[in-house]
Amino acid sequence: MPDYDASSFCDEAFRSKVTCAEFGMDIEDGRIHPVADLTAASVAAGDGSAETYFGRLLDGVFGRPGAYLMTIGFGGDSVSVGSGGGTETYGFSSDYTSCFGVVHVELFLY
């Protein structure tokens, strides 16, 4: 199992850059974009790509599909990923700056 906790996962994920296609958006521009920017755009648009992207990452990194609850808020909208449940073992909350404004993230591991 990788040596990750909720804070290091979030910091690495939200400070990374990927293409829109890698993020799951139906946009093929080939350029890389900050994940925080793509996340803000996805939450605002309600297109589901943020939920899919982070679900795949969290399942892969922590090896226990759904054993987490991530809530991402942007501009009055929010989305959640994972089912949580059980005993919370670790929680983390932080804000990440995107070109559109602040993205608030909470991640709880179970």
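Predicted model: local features only at pLDDT ≥ 70, side-chain atom pairs only at ≥ 80, totals over all residues.
**View 1. The open sheet of four strands.** The strands, which are DSSP runs of E with at least two residues, numbered from the N terminus, follow the order β4-β3-β6-β5 with antiparallel pairing, where two strands count as paired if DSSP finds at least two bridges between them. The edge strands, each pairing on one side only, are β4 (77-81) and β5 (90-98). Neighbouring strands of this sheet are turned by 15 degrees against each other on average, direction ignored; axes are lines fitted to C-alpha atoms, for helices over the stretch in contact, and angles run from 0 to 180 degrees between N-to-C directions. Six bridges join β3 (residues 68-74) to β6 (residues 101-109) in the antiparallel sense.

**View 2. Helix α1 against the sheet.** Helix α1 (residues 6-14) packs on the sheet and touches β3, β5 and β6, a helix being a DSSP run of H or I with at least four residues and contact meaning heavy atoms within 4.5 Å. The direction of α1 makes about 20 degrees with that of β5.

**View 3. The hairpin of β3 and β4.** These two strands pair in the antiparallel sense over five bridges, and the bridge partner of Phe-74 is Asp-77 in β4. Two residues lie between the strands of the hairpin, and Gly-75 in the turn has a positive phi of about 55 degrees.

**View 4. The largest nonpolar core.** This core, a set of buried Ala, Val, Leu, Ile, Met, Phe, Trp, Tyr and Cys residues joined through side-chain atoms within 4.5 Å, has 32 residues, and those with the most contacts inside it are Phe-9, Phe-14, Phe-54 and Met-70. Helix α4 gives the most to this core, with six residues. Leaving aside neighbours within four places in sequence, Phe-54 is in contact with residues including Phe-9, Phe-23, Met-70 and Val-81.

**View 5. The enclosed helix α3.** Eight of the 11 residues of α3 are buried, so this helix is largely enclosed by the rest of the structure; buried means under 20% relative accessible area, with a 1.4 Å probe and protein chains only. Among the buried residues are Val-35, Asp-37 and Ser-42. Just after α3, Gly-46 takes a positive phi of about 65 degrees.

Methods. Residues numbered from 1 in each chain as written. Heavy atoms only, no water. Buried < 20%, exposed > 50% of the residue type's maximum accessible area, 1.4 Å probe, protein only.
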